[in-house]
Amino acid sequence: MCEILRLENIVKVFPGTIALDSMKLSVNAGEIHSICGENGAGKSTLMKIVTGVYRPDTGQIYLDGEKINFNNPREASKKGISIIYQETSLFEEMTILDNIFLGDEITKNILGIRCIDYESMEAETIKVFEMMNISLDFNQKVKSLGMAQKQIVEIAKALKSKSKILILDEPTASLTEREVVALFKIIRMLRDDGVAVIYISHRLDEIFEVSNRVTVIRDGKFISCRNTSDITKNDLVTDMVGRSVENYYPKFETEIGEEIFCAFKLNQFGVLHDVDLNIHAGEIVGLSGLAGAGRTELALAICGFVKIDSGEIILEGKTRRISSYLDAMEAGIVYVSEDRGKYGLVTEMSIKHNISMSQLKAMKSTLFIDNEREEKLARKYIDEFGIKCKDSDLLAQNLSGGNQQKVSVSKAISLSPKVLILDEPTRGIDINAKVEIYNIIMQLVKNGTSVLMISSEMAELIGMCDRIYVMQSGHIKGEVNRVDFSQEKLLKMALEVE
C-alpha cells in the first residue's frame, strides 16, 4: 500500500498539559486505520492537528510525501481531508442536498446573475449516492433522518469534496447493530476505492472487525501500530491502559431477592403497548432492541417524564402514582440519562454541585446550603468511584467522558435508589472507564439495589445482566434468562425473525 499521510515527532502543549509528545502516525491509501486510547490520551488533539484546527508546536506532517502545514480546517479540506464527528454538524432545517453543498454550491449565470445550479448539484449528489449504493431523497429535510442516515449524509458530503482521507470519530456510538453493519459496508467500499479511513472508537470488537491496522496512543505518546490480524483484544487493551484488563465484565453471582418493581400493562399512545416488566431486588435486568424500539421511551414513562395513558407502576408491592420525576425519586426510582452532557450534568458547574444538585433540601442548614455537608457528600463519591480530579470544585466540563459518567452515576446513587435505570451507561467512554462503571454497578446490586440497564451493545448486556427483555416497536417481544443468552437470540427477537 502507498502511504498517504505521515506525522513525525508531533508535539502539542497547552497551558499545564503536554497533549502530544513526539507523536507519530502513518496511514496508507486504501486502508482502514483505527486510533485507540483512553479518554484524554490525545486522540482528539491529534485529529485536530491533522484537520488544521491546531498547529503543532513542533514536528512534521506529510501528505502524499509533501511536507505541509495547515493554517485552518478549510486548507485541510481542500487537500482532501474530512472529519465526521460523533455529533453531526448538519443543519436540521435544511435539505440533504443543501447540507451536502453548503458553502460550496454550484452556480450558473442567468441573465448576468449568479444563481445556484440545483440541476448540477442534484446530478453530483446522485453520482455520490450511486457510488455509495444508497437511496435517499435528497430534497427531504435532515431533521427527518435517523442518526445513521445523518452520518451517511456526512460521508456523502466528504465524498462530494473528493476526500482522500476520511476521519470517523466514534461513528457508531448512537447506532444500532443493524445500522453499524450498513455503515461498515460503506466504509469498506470507500477503502476499496482507495480512500484512507481513520477510525476512532472505544468499541474493540468493531476495531477488529473493520480495521487493517491500529495505532494506540497513551498519555499523548505513540505506543504501538500493528496489524489487527496479528494481535488480540487483550494485547490492545494492555497497550491502551498499560496493564492487562482480564475481565471486561466483572459479573459475579449475587443474591436475588423478591420482586421489587413491576411495570404492568403500560400504554402510551403510539409509543408503548401493554408493556409488562419486573425486576427483583439485587438483579440486573437488561433492555435490548433496535433504535426506535421504545427502550428510552419506556424508561421515561416509568420515571414520570412523560404521561402514560394506562397501566400501573408497582414498587414493593404497592401501586405508585408517578406523575413527575420528583414522584419517581421520592418512590426510589432514579434515572441516569444516555446524554450526560444534555440531561445528566450541568457541565459548567463543579463536581460537588452536580452531585448534590438532586438533593439540595438535604444539604440545607437553616436557610443556606451547608458547604461542609455538600463537600463531604462529593468527597465520598470522588473517593469511592475514583473520580480523577484535584478537588470537588473542578468543573464537570474539564473531566474525561468516563469521569463525567461517574459523576452522573454518583448524583443518582446519592439518592439511595431502590431501582436505578441506567440508559447507555458506557456510551462514549474508554475500556478502562467501562470496567470501572461495571464494577460500580456490581457493587450496587451487591448492596441490594435493582438495576434496569438499557444498552445498544449486546455484549455488554450479555456480560452484565441476569435477565434481558427485548423490545420492538414499543412492545416487549420476549424475555431471556442468563443461561440462554446469545447475541443471535436477542437479535432474532428484535427483528422478530422466527
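This tour moves from the nonpolar cores to the aromatic pairs and then to the charged side chains.

The model is predicted, so local features need pLDDT of at least 70 and side-chain atom pairs count only at pLDDT 80 or more, whereas totals for chains, interfaces and linings use all residues. Residues are numbered from 1 along each chain as its sequence is written, and side-chain values use heavy atoms, with hydrogens and water left out.

**Cores**

Select Phe 261, Ile 333 and Ile 421, the residues with the most contacts inside the largest nonpolar core, which has 74 residues. Such a core is a set of buried Ala, Val, Leu, Ile, Met, Phe, Trp, Tyr and Cys residues joined through side-chain atoms within 4.5 Å, where buried means under 20% relative accessible area, exposed over 50% and partly exposed in between (1.4 Å probe, protein chains only). Helix 16 (residues 431-446) contributes the largest share of this core, eight residues; helices (H or I, at least four residues) and strands (E, at least two) are DSSP runs, numbered from the N terminus. Apart from this core lies another, of 34 residues, among them Ile 100, Val 142, Val 153 and Leu 183.

**Aromatic rings**

Six aromatic pairs are found in the whole structure, a pair being rings of Phe, Tyr and Trp (its six-membered ring) with centres within 6.5 Å, and planes under 30 degrees apart counting as stacked, over 60 as edge-to-face and the rest as tilted. Select Phe 14 and Tyr 54, whose ring centres are 5.2 Å apart and whose planes are at 65°, so the pair is edge-to-face. Phe 14 belongs to strand 1 (residues 3-14), while Tyr 54 is 40 residues apart from it, in the loop between helix 1 (43-50) and strand 4 (58-63). Next, select Phe 305, Tyr 325 and Tyr 335, which form one aromatic cluster.

**Charged side chains**

Select Arg 6, which lies over the face of Tyr 62 at 4.5 Å from the ring centre; the criterion is NZ of Lys or CZ of Arg within 6 Å of the ring centre and within 35 degrees of the ring normal. Arg 6 also meets Glu 3 in a salt bridge (2.8 Å, N to O), that is, a side-chain nitrogen of Lys or Arg within 4 Å of a carboxyl oxygen of Asp or Glu.

Finally, select Glu 457 and Lys 434, whose side chains meet in a salt bridge at 3.2 Å, N to O. Glu 457 is buried, with a relative accessible area of 14%, and Lys 434 counts as buried at 6% relative accessibility.
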